[in-house]
Amino acid sequence: MLLHIAKKEWKEALRDSRFRFAAGLLLILLFASMVVSYNYYQNINQEYQQAKQTVRQEWEGQVPKNPHSAAHFGTYAFKPVQPLSLIDNGLDKYLGVSIFLEAHKQNTSQYRQIADQNDLARFAELTPAFVFTYLVPLLIILVSFGTFTAEKENGTLQLLLSQGVSKFQLGLGKITGTWLLMLALLLPIFLLGFIFILSSEFQADDLLRYALLIITLLLYYGIFVNLSVAVSAWAKSSNVALVGLLGFWIVSALLVPKFTSNLSKMLHPAPSAIEYQAEIKENLEKGVDGHNPFSEKSKLFEDSVLQANKVDSVHKLPFNYSGLIMQAGEEHETVVYAKAMKKLNDIYFAQLQTHQASAFLSPTILVKMLSMQIAKTDLQTHYDFSQQAENYRIALVKDLNYELKDNSKYGDWDYISSDKDFFKKNIKFDYKPVSMTDTLKNTWASLLFLMVWFTVSLVAVRVILK
Amino acid sequence: MLKFEIKNLSRNPFVGLLSALLLVLILFATFNGKQRVDNQLATIQKLKEKENKFYENHRTVLDSIEKGLKQPLPEASWYKSPEYPITVGAIRGSGSYAVLTPAPLSAVSTGQSDLFPYYFKVAVGNTNAGRDNDNFENPFNTAQGQFDLAFVLTFILPLLIIALTYNILSAERERGTLPLLLSMPLNIKQWLLQKLVFNYLFINILIFVLLALSFAFFGISLTDFSFVQLLFALALYSLFWFGMAYLVNSLGKSSSFNAMSLLGVWLFFTLLVPSTVNMLATALYPVPSRVEFVTAQRQMQNQTEKQKEKILAAFYQKNAQFERKASESEKTWQDWWREGFAEDEYAEQMLQKIKQDFQAKANAQRNFANGFQYVSPVILFQNTLNQIAKTDTKTYMDFQEKVEDFEKEWSAYFKGKFMKNEKLTTKDYANFPKFEKESK
């Protein structure tokens, strides 16, 4: 029975020229955005791989110099490109592509691509995720707003019900039909995405992620299908149903996300760059400064080192004191920066939670957040990358400072490592991608939220179609 | 007729709802914009104070030295001495802020203000090496966009116009009152037009009143010419949407058809055209990624280090008045700075080429995309609002260019004095280069 009704829905939709037009347009958009995204992914991934190599080569081939000067010369960590970014590039364009790693400070990532792009990028970007999250729901509304109202207006509803189908059964049939129709429509695109991911530098976990992304989307579409059928069953005329559903889409996709964007800033304001740096500066001054041996803290540190080694002057130490104090300063600076970064990230996280909370009005924002989290193009993945880059920086600078401390004499700033391959032997940056477990840990609440939406929308259908 | 329409309007519950909704939206949006501008102004205030404090402190010390009340600082503490151009023009902590003051109606549109900095610290040899002008807003929020007046007027207003007008004719039919209307001695299209013109005037007057109230409440200039521009742009923009409503209504189809078509038009102009043009622009005029930019920069730094010998030899040949010291330990702080400048100049020359190349490509893409703004009134209107608020890309690009010029002027002044071994006097302090006052 269910399938009969579903089949009828399907046939009717396909007969509708408006639907054919809209669905055709959507498929073209999806296809085009997939191809363009894939191309783009290939390009930037290639650039990334090359840059990673070049920067390492430049590090290894740098002019021989004092190890601490090399730490100031610094190097770069580049953010890897995620295969799933070809479906959802998330915040990639709003986050920097590289972090400069140097002695004494943790830098933020630099060069947001959005600032180099034309102004239209601010309106909307035609990515598969954009079409999936914003446009497909509109197609669902288009195909199902009149599913009950049209039957009422044509008088066929009574006819159907007289054949012994319950209203709810009829509703379920319509829901199944529309949902399967969407699935059939999008299946070729999902497959295309699958092929593209297979031909990118993917890992097994990316396939799992892709599957999770598709499940999330199908659940999301289920919500829109349920709501459309519910509203159509409730509304007196097609016109009312349509306007109501479009209104919901506008609220969910447009109004709530922007509103929350400002609300979250009001609730959890981020510091300005000036305030942020002033605080860091203040905290830095509370500890050892490797480049200022005359500061109070540096003096204290010097005394403690002298005492521990039972000598009366830094010249008599069995190692180069400069390397030691540089490292001591570095360790203090690291803590200060880590704290500041964490504080900022906590604010961002609280803001994101505001967005998540706003999802009771907007399933769209939920899916938007989920899809970038699953695709690893979200803020937390970026933060994780920043942290890994920072850990690498700490390890590298330590290497360099200890080379100075252990192998050179105090005051010898012309010191160059006797090992010609010293820079070649320095630790390499090895990025570990965010694991599926971590992603699930970060997304389960949103996934659950989405399921609640689905259930509630189904209950709404049940209540209306009693 | 007019009387009847007014009566009709005042009885329509939707109109009351619409006015209330618009009032809330406009107030919230103005508040957000005002908040952003106030934050900017507060930051600018802080910057000025910071800068003034630095230079006032140094000037006071110098004044005491000139009057013989204080001894000049010993050579070892050169970095604290107010007499040296390097101390007040190049080292960390010194420098002058170049600031882009928000325009009177800046609160109207966030525009590109969340991407581009509105101030730079300028000192010798670098523009904002401290990078204290980063935007620390949550990138998720930046990507989401702001709830500002530009958003309300560009995106929401057309939706409200659609809601107000989509069923003017079809509702009459669906209610069964159309035959009645047709029996009256009037042209139905003319009747529709009259109704729309009336609604058009109503919406524009309503928004004018609400904007004026909101601006007055938040203390935003109502007398600035750009406010008139805003109203004019708004009148044209809403005219387009009423025109669309007229077209769709006059087709004489059902209410749901009208709603769907008008929302389709809205989607087409607000989302599809911009995103498709953006896709085309990025595909046809790709901007090389910054990843390449960064690696090129890195290679050049290494190159400069490798060429150090050559660079310095050339420098000492050209500036024979300076003697080249044989070893590092013999070098004075002046030698360090001079050699540093020579190397920086070499690096800067090479970097300039990469930067220009990059900028040229980014601009090509921007120009291509801008050419399409006339295809969609939505893009055109948004761009106009950005221009009125002076938060458009061009304003920021021009600002950056001016900052670069200022940096050259600043560098020339302090480097020039340093290379001539001149010491600064309190008179010089009054004549330091200044970033020109905001000129139009």
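Mentor: The radius of gyration is taken over C-alpha atoms, and the globule rule is 2.2 Å times the number of residues to the power 0.38. The model is predicted, so local features need pLDDT of at least 70 and side-chain atom pairs count only at pLDDT 80 or more, while totals for chains, interfaces and linings use all residues. Residues are numbered from 1 along each chain as its sequence is written, chains are lettered from A, and side-chain values use heavy atoms, without hydrogens and water.

Trainee: What does the globule rule give for chain A, and what radius of gyration does chain A have?

Mentor: For 466 residues a compact globule would have a value near 23 Å, whereas chain A has 29 Å. The C-alpha trace of chain A spans about 105 × 40 × 35 Å along its principal axes.

Trainee: Why is the pair Arg122(A) and Asp114(B) called a salt bridge?

Mentor: The term requires a side-chain nitrogen of Lys or Arg within 4 Å of a carboxyl oxygen of Asp or Glu. The closest N and O atoms of Arg122(A) and Asp114(B) are 2.9 Å apart, a salt bridge. Arg122(A) lies in a loop of chain A and Asp114(B) in a loop of chain B, so the pair joins two chains.

Trainee: What makes Asp114(B) count as buried?

Mentor: Buried means under 20% relative accessible area, exposed over 50%, and partly exposed in between (1.4 Å probe, protein chains only). Asp114(B) has 8%, and is therefore buried.

Trainee: How do Asp205(A) and Lys376(A) meet?

Mentor: Their side chains form a salt bridge at 3.9 Å, N to O. Asp205(A) is buried at 19% relative accessible area, and Lys376(A) is buried at 3%.

Definitions and conventions
Helix = DSSP H or I, 4+ residues; strand = E, 2+ residues; numbered from the N terminus.
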